[in-house]
Amino acid sequence: MARPRILAIDVGTGTQDILILEAGGVIENAVQLIMPSPTALLADRVKQATQDRVDLVLTGVTMGGGPGHWAVEAHIKAGLNVYATPEAARTFDDDLERVAAMGIRIVDSPAAINGARRLELRDFYLAELMEALRPFGVSTVFDAIAVAVFDHGAAPPGVSDRRFRFDYLRDQVERGIGLEGFGFLAPEIPARMTRMQSVARNWTGPEPLFLMDTGPAAILGALDDAVVAESDPVIVLNVGNFHTIAALLHERRITGLFEHHTGELTRSKLEHYLDALATGSLSNDQVFDDMGHGALELGANASPAERLAVTGPRRGLLIESGLPVYLAVPHGDMMQAGNLGLLRAYAAHDAKVREAVEYRLGRPNDGGT
């Protein structure tokens, strides 16, 4: 794999962001696409079915929620039926009894449902992407695939999926694995990470598949901004369409963290959380009780952050903030922060691609130059 081509896909709630890394040239000239997210595509198809007054049968695998989830709820409220296979049904809740309580009917044989429109649930739109690339003469042969998804994990019955996810984030930080450790080659994905497992089951090719969580991927990718790379300690904030994550980093290690739902945040509330993160006074219970995922409580910080670096499509939430905000643009493209972090993490796990990634992105800590 002397000159590997790597396809990176960062699957969010509003968009799926695509980047093709090839050896040679500069990363700014790489093929890039910003496309609607799989859950947004699902939502559009469900809404069309609601308008057409037809029942639905959902097949496929566990995928991301958000817009697709809300569209299915609206479909049921409109007096229409929704059937789903067990794996597809876990998109809405890990507990199938709770899914059934929503009004979704769990079925093992979707083919037996007559007159219903069939929709396949998945986060991985590889075939469609290949069709989009070919007319432009872009090769669809890759040496590796890297995908980032937001994974709550399979919470046991009675356990909040928000708490379950943040407990996982906390455990990983306390293990000292670093940001790169939030990614896995497909055979190494933990059993609890059901959304990553679902993407892996959708992949049938011989090439290596690498999976990573979107939050840490965005934080890691923001460090490819030259200004952010030179700042230490630094707070990196990614304000996504659906989730917001902020990490206080010292020598690229997480020393403070919180994660929340973007829709629950106002500018003043986010400023408060960032101040508390900077001083070490952030309360896990406060964030959780505010419908967030949680926060790491690591005590007072001796060294204040040199910079507050912000990325993500909803970064405008802090544009008029009184905080000293720096808008991070790793390699000149804020929307590719997740993919850049994904590539950095994959390179840390696979020595065969490390040289190629560092040739295009620069070595870590040098600002991506």
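This is a predicted model: local features need pLDDT of at least 70, side-chain atom pairs count only at pLDDT 80 or more; totals for chains, interfaces and linings use all residues.
Helix α5 gives the most, with four residues. The volume of this pocket is about 150 Å³. Looking along its lining, you will meet Ile9, Gln16, Ile18, Met35, Pro36 and Leu41, among others. Arg45, Tyr125, Leu126, Glu128, Leu129 and Ala132 also belong to the lining. By class, nine of the lining residues are nonpolar, one is polar and two are charged.

Now let us turn to the cavities. There are two of 30 Å³ or more. The largest cavity is lined by Thr255, Gly256, Ala276, Leu277, Gly280, Leu282, Leu296, Leu298, Gly299 and Asn301. Here β13 (253-261) and α10 (267-279) are the elements that give two or more residues.

The second largest cavity has a lining made of Leu169, Val173, Leu179, Phe182, Pro216, Ile219, Ile245, Ala247, Ile254 and Leu257. At least two of its lining residues come from each of α6 (161-174), α8 (214-222), β12 (243-250) and β13.

| Cavity | Volume | Lining residues by class |
|---|---|---|
| Largest cavity | about 50 Å³ | five nonpolar, five polar, no charged |
| Second largest cavity | about 40 Å³ | 10 nonpolar, no polar, no charged |

Notes: Residues are numbered from 1 along each chain as its sequence is written. Side-chain values use heavy atoms; hydrogens and water are left out. On a 1 Å grid over the protein atoms alone, a cavity is a set of points where a 1.4 Å probe fits but cannot get out, and a pocket is an open set with protein on both sides within 12 Å along at least five of seven lines; lining residues have an atom within 4 Å of a point. Grid points are joined across faces, edges and corners, and a volume is the space filled by probe spheres set on the points. Ala, Val, Leu, Ile, Met, Phe, Trp, Tyr, Cys and Pro count as nonpolar, Asp, Glu, Lys and Arg as charged, and the others, Gly among them, as polar.
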